Amino acid sequence: MPPNAYLETDAPLQQWAYGFGIGHDWLEKFWDEYTPKEFDEFLRGDLLAMSFFASRELAETYRKEINKPDMPLEALADLLVQELPNAMRSYAQIGRILCKAALNEPALERVASVRSVKIGRNAPCPCGSGRKYKQCCGSAPH
């Protein structure tokens, strides 16, 4: 496919990039909350490569941001389409790391709070079962 075709309205890559942007924006708070600062530059590059094709206007904005005003937009599109597989792989790896961190964080907080506070035998169990502590997590193994 000629590079300029990637930027055409309704091109498959344009539709994919547009949908990707919506999906990322939907989870932006999650990404912002859990992304370590040292990943910011990588994530920014991945996002640029994957959302570049969402619209010609966005592509023009990105071209200015990365300080390539003399490079034809189509040439930049050709470079970025070659970089897409690497950007997708990197984005997925960062996403898996963040997902693991998010899944572990609530469990760690719950365990820490259970162990730092004395729980009465007749108090509701902190695991959220609705049962008394002595009949749930506080029961001795048989």
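So, how many nonpolar, polar and charged residues are in the lining of the largest pocket? Three nonpolar, two polar and six charged. Here Ala, Val, Leu, Ile, Met, Phe, Trp, Tyr, Cys and Pro count as nonpolar, Asp, Glu, Lys and Arg as charged, and the others, Gly among them, as polar.

Before going on: this is a predicted model, where local features need pLDDT of at least 70, side-chain atom pairs count only at pLDDT 80 or more, and totals for chains, interfaces and linings use all residues. Numbering starts from 1 along each chain as its sequence is written, and side-chain values use heavy atoms, with hydrogens and water left out.

Back to the pocket, meaning an open set of points on a 1 Å grid over the protein atoms alone, where a 1.4 Å probe fits, with protein on both sides within 12 Å along at least five of seven lines; lining residues have an atom within 4 Å of a point. The volume, the space filled by probe spheres set on the points, is about 180 Å³.

H3 gives the most, with four. Leu43 and Leu47 are among the lining residues, and both are buried in H3, buried being under 20% relative accessible area with a 1.4 Å probe, protein chains only.

Now threonine 35, also in the lining. Threonine 35 sits in the loop between H2 and H3 and, at 10% relative accessibility, counts as buried. Leaving out residues up to four places away in sequence, threonine 35 touches Asp40, Leu43 and Leu98, with contact meaning heavy atoms within 4.5 Å.

Definitions and conventions:
Helices (H or I, at least four residues) and strands (E, at least two) are DSSP runs, numbered from the N terminus. Buried means under 20% relative accessible area, exposed over 50%, partly exposed in between (1.4 Å probe, protein chains only).
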